[in-house]
Amino acid sequence: MLPGRRSAPYARSGGLVFSNGPSRDDGSAKLAREASLRVVFGIAVLDLIGFGILIPQLGVYGVRFGASPFAVGLLVAVYSLMQLVAAPVMGRLSDRFGRRPVLLVSQVGSLAGYVLFAFAHTLPLLFLSRVIDGISGGNVSTAQAVVADITRPHERARGMGIIGAAFGLGFVLGPALGGVLGAWGGNLAIGLFAAGLSALNLLNTWFFLPETRKPGSPSATSRTLKGALFALTLPVVGRCVVLVLLYTVAFAQMEGTFSVYLLTRFLSTGPVPLEGGWLVHAVHPDAAILKEASLRSGALFAVVGVLSALVQGGLVRRLVAPGHGAAGPETAGGPGGRGGREAPVAVVGFGLTAAGLALLPVAPSYGWLFPVMGLLAVGSALVTPCLSALVSLHAPSERQGAVLGAYQASGSLGRIIGPALGGLLFTRLGPTAPYGTGAVLVALGGLLALSLVTQVRMSGAGAEQSS
């Protein structure tokens, strides 16, 4: 539960009881919170599996319907664009009308978008399906707000970790399922399967998730221009906001163009030429080529998901845990509890990602793509959680919502710019251009991250002196 709600010790919704303080029924309230957390985990897993199914397959089916690499990049970017525009609206609606109705409406939107993807037979219909799904893509952000509603401050990290685990599971299972489904039944099978997951989420939410929003409770994470400008003025946080933008733009260039790159270089039947205009081309690969591309792209993205989950779940925790590294045994990773090992680990992640992006264009065969994608997976798994942790540690407690909202918005902006830029470079300069450009961006980010190490140490030392 959120702090500061002492006037109403109990709030009932959907037959479950949530308690704000100790009482005779505290045990039942805890059971209710645990049950709701399990429901939220199920909702997030199903939603992210559906999302993960599509990511490696969008390029394949964009090409099927005549999309140029630039158009494929726009197809990937439009989802994040619509989500960035709609997320603040969804947040305000959930603050006003409750989490449950907003979650239900967003799930209906996702279902409609997936059904349209299943039956799409033209490029405009593919775009429309992604626009609809992007607008209604408030599922995860609303689920995070539910977690914030039902957990106490000391339980918040564990609760948000449930969402993180759902992300990992979704991106492990999703791409592999997408490859198999695409090879078996094309976009029809992919879309209908993802729509089925959304239907299960609807039932799960309707029957098992009570309303968790209480009148007068603080709003969830906010994304405003004022919050973004404030975040940029904070020494460590501002640098992290810039770093996540650089990193996401570079990584999203790869994500948005990789399946098209695979089609043009690494099929057993030979490369597929994609010469043409800015938005469309005249090449329409046959079913056998699309089947192979679906399987191969799904397999590679599944490797990325598995390695990322393993590294984030095990290696990162050990690297940044107290008692490891040069920072000593201080709590929370460094002096003053403000992080000491996250920044050096992030620098290593930037280096591995830059190496992976630089090696991607020179891989001699499909088999060599697996170790290269492994570098990208490990690099991403080191960078993403460490930057998030640094932002959380160094944001003022009274401005956490605004700062975290600005950080998330910076990542969303990167997921808009990256695929579009990658597709443009691919179309105008050739298949290797997005990866060379991405490697340069990440290398620049790595140099900036080196200075972040010094900033974090200075901040930790200052905090220790003031205490």
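**Helix packing and salt bridges in a predicted model**

The crossing of helix 11 and helix 12 is left-handed, a term used when the near helix is turned anticlockwise from the far one by less than a right angle, with clockwise giving right-handed. The model is predicted, so that local features need pLDDT of at least 70 and side-chain atom pairs count only at pLDDT 80 or more, while totals for chains, interfaces and linings use all residues. Residues are numbered from 1 along each chain as its sequence is written, and side-chain values use heavy atoms, with hydrogens and water left out.

Helix 11 spans residues 342-359 and helix 12 spans residues 369-394, where helices are DSSP runs (H or I, at least four residues) numbered from the N terminus. The two pack at an angle of about 150°, their axes lying 7 Å apart; axes are lines fitted to C-alpha atoms over the stretch in contact, and angles run from 0 to 180 degrees between N-to-C directions. Helix 11 and helix 12 are therefore roughly antiparallel to each other, since angles over 145 degrees count as such, those under 35 as roughly parallel, 65 to 115 as roughly perpendicular and the rest as oblique. The contact of helix 11 with helix 12 has 19 nonpolar, five polar and one charged residues, with Ala, Val, Leu, Ile, Met, Phe, Trp, Tyr, Cys and Pro taken as nonpolar, Asp, Glu, Lys and Arg as charged, and the others, including Gly, as polar.

Helix 4 (residues 99-119) packs with helix 5 at an angle of about 165°, and their axes are 8 Å apart, which makes helix 4 roughly antiparallel to helix 5. This crossing, too, is left-handed. On the helix 4 side the contact (heavy atoms within 4.5 Å) is made by G109, S110, G113, Y114, L116 and F117, and on the helix 5 side by L125, L126, L128, S129, R130, I132 and D133. By class, these residues divide into seven nonpolar, four polar and two charged.

R130 and D133 also meet through their side chains in a salt bridge (3.2 Å, N to O), defined as a side-chain nitrogen of Lys or Arg within 4 Å of a carboxyl oxygen of Asp or Glu. Both lie in helix 5 (residues 123-135), three residues apart, about one turn of the helix, and both are buried, meaning under 20% relative accessible area, against over 50% for exposed and in between for partly exposed (1.4 Å probe, protein chains only).

The count comes to two salt bridges. In helix 10 (residues 287-320), R296 and E292 are four residues apart, or about one helical turn, and their side chains meet in a salt bridge (3.2 Å, N to O). E292 is buried, with a relative accessible area of 14%.
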